[in-house]
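Please read it alongside the sequence and the model.

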Amino acid sequence: MIKRPLRLRNSNVIRSMVTENSITLNDLIYPLFVIEGQNKKNPINSMPNMYQFSIDKLLFEIDELINLGINSTLLFGITESKDKIGSNSFDKNGIIQKASREIKKRFPDFYIITDLCFCEYTDHGHCGIIKNNEIDNDLTLQYLKKQALSHVQSGSDLVAPSGMLDGMVRAIREVLDENQYYNTPIMSYSVKYASSFYGPFRDAVDSSPKFGDRKNYQMDPANSYEALKEVSIDIDEGADIVMVKPGMSYLDIIYKIKKKINIPLASYNVSGEYSMVKAAAEKGWINENLVRNELLLSFKRAGSDIIISYFTKDYAKDLKNI
Ligand code: PBG
């Protein structure tokens, strides 16, 4: 037989020689949740092995992550002082600001990416400032600028706006440049679907909208060409990295976008995807590590350069046989 694909599969050596995709820790970003207080490491029930850390405990966690070879985080802040406009998110002494300063003091090279949004900081749980029961897009941009600047001044290395507001990347680029932060990149949640896969995350940060839903600003899961529009707008506005979220059910979107762009593409392996694998593994129905690796590979194969995943720490431990 002239064509026999099996020839390239019959030993480990040849298989790894022809492998097309692999996951390294350089591609993975590990989300962390930080809370007020001291000596706290609260398990998140709906996300096994994930915790809310007070800043002192977070520093221990980061020390462990660095020893495992993990070099970046996507940081989410959780505060009890919520109000209408999410003031804590742009307060010099807000939770993210305090945490970022402490992390940078101890671990200057650990790369901090901060999520820019309002849902964790507003009493109504929406991703912006509400006027007449709706998010006022353009007014929210003014507050988003304050939030971005304040994060970067406190040590954030890269900001990741997740609110799906029109004009958010341009607004942030403007304020960063005006303040000489020319070199701080923006990773935009460009394509964020109104997804039910975020359920466990909303438990983790207590950010469920108190009225309505997010369909007015997040994308309809039925659409795919609209994703290309969102990405091209964000690139024009100055995004350095674009993101697709969720990932697992949206691999076609990742693939389509990757074919069209020439900047790095990130995808977010979200909380519901993580917790489904954990739950099935707990029941003994699947092999967690193998399913996890296959899942992460599928993101790569589809075209993600970067993967944000709660599995990062498990994956790093597995690499070291811990
Ligand atoms: C918004 C934000 C959300 C997630 C990341 N940033 C929640 C939302 O849009 O409702 C979800 C992440 C996940 O499910 O893992 N700040």
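The buried residues of helix 7 are covered by elements that include helix 5 (168-178), strand 9 (187-192), strand 10 (241-245) and helix 8 (251-260). The model is predicted. Helix 7 also gives six residues to the lining of the largest pocket, the largest share from any element.

**Helix 7**
- Helix 7 spans residues 225-237, 13 residues in total.
- From its first C-alpha to its last, helix 7 reaches 19 Å, close to the 18 Å expected at 1.5 Å a residue.
- The buried residues in helix 7 are Ala227, Leu228, Glu230, Val231, Asp234 and Glu237.
- Gly238 follows helix 7 and has a positive phi, near 110 degrees.

**The largest pocket**
- The volume of the largest pocket is about 460 Å³.
- Its lining holds 26 residues, and those closest to the pocket centre are Asn137, Met164, Asn216, Tyr217 and Gln218.
- Strand 7 (134-135) and helix 7 are the elements that give two or more residues to this lining.
- By type, the lining residues of the largest pocket are nine nonpolar, eight polar and nine charged.

**Ser207**
- Ser207 lies in the loop between helix 6 (199-205) and helix 7.
- Ser207 counts as buried because its relative accessibility is 1%, and the cut-off for buried is under 20%.
- Apart from neighbours within four places in sequence, Ser207 is in contact with Cys119, Glu120, Gly125, Phe201, Arg202 and Arg214.
- Ser207 and Ile263 are 56 residues apart along the chain, and their C-alpha atoms are separated by 31 Å.

**Strand 1**
- Strand 1 covers residues 28-35, and eight of its eight residues are buried.
- Leu28, Tyr30, Leu32 and Val34 are buried on one side of strand 1, and Ile29, Pro31, Phe33 and Ile35 are buried on the other, so that both faces are covered.
- Strand 1 pairs with strand 4 (residues 72-78) in the parallel sense over six bridges; within this pairing, Leu74 in strand 4 is the bridge partner of Pro31.
- Strand 3 (residues 51-54) runs parallel to strand 1 and is joined to it by three bridges, with Ser54 of strand 3 opposite Ile35.
- Strand 12 (residues 306-309) pairs with strand 1 over two bridges, also in the parallel sense, and Ile308 in strand 12 stands opposite Ile29.

Note on methods:
Residues numbered from 1 in each chain as written. Predicted model: local features only at pLDDT ≥ 70, side-chain atom pairs only at ≥ 80, totals over all residues. Heavy atoms only, no water. Helix = DSSP H or I, 4+ residues; strand = E, 2+ residues; numbered from the N terminus. Expected span 1.5 Å × (residues − 1). Buried < 20%, exposed > 50% of the residue type's maximum accessible area, 1.4 Å probe, protein only. Contact = heavy atoms within 4.5 Å. 1 Å grid on protein atoms, 1.4 Å probe; cavity = no way out; pocket = protein on both sides within 12 Å on 5 of 7 lines; lining within 4 Å. Points joined across faces, edges and corners; volume = space filled by probe spheres on them. Nonpolar A, V, L, I, M, F, W, Y, C, P; charged D, E, K, R; others polar. Pairing = 2+ DSSP bridges.
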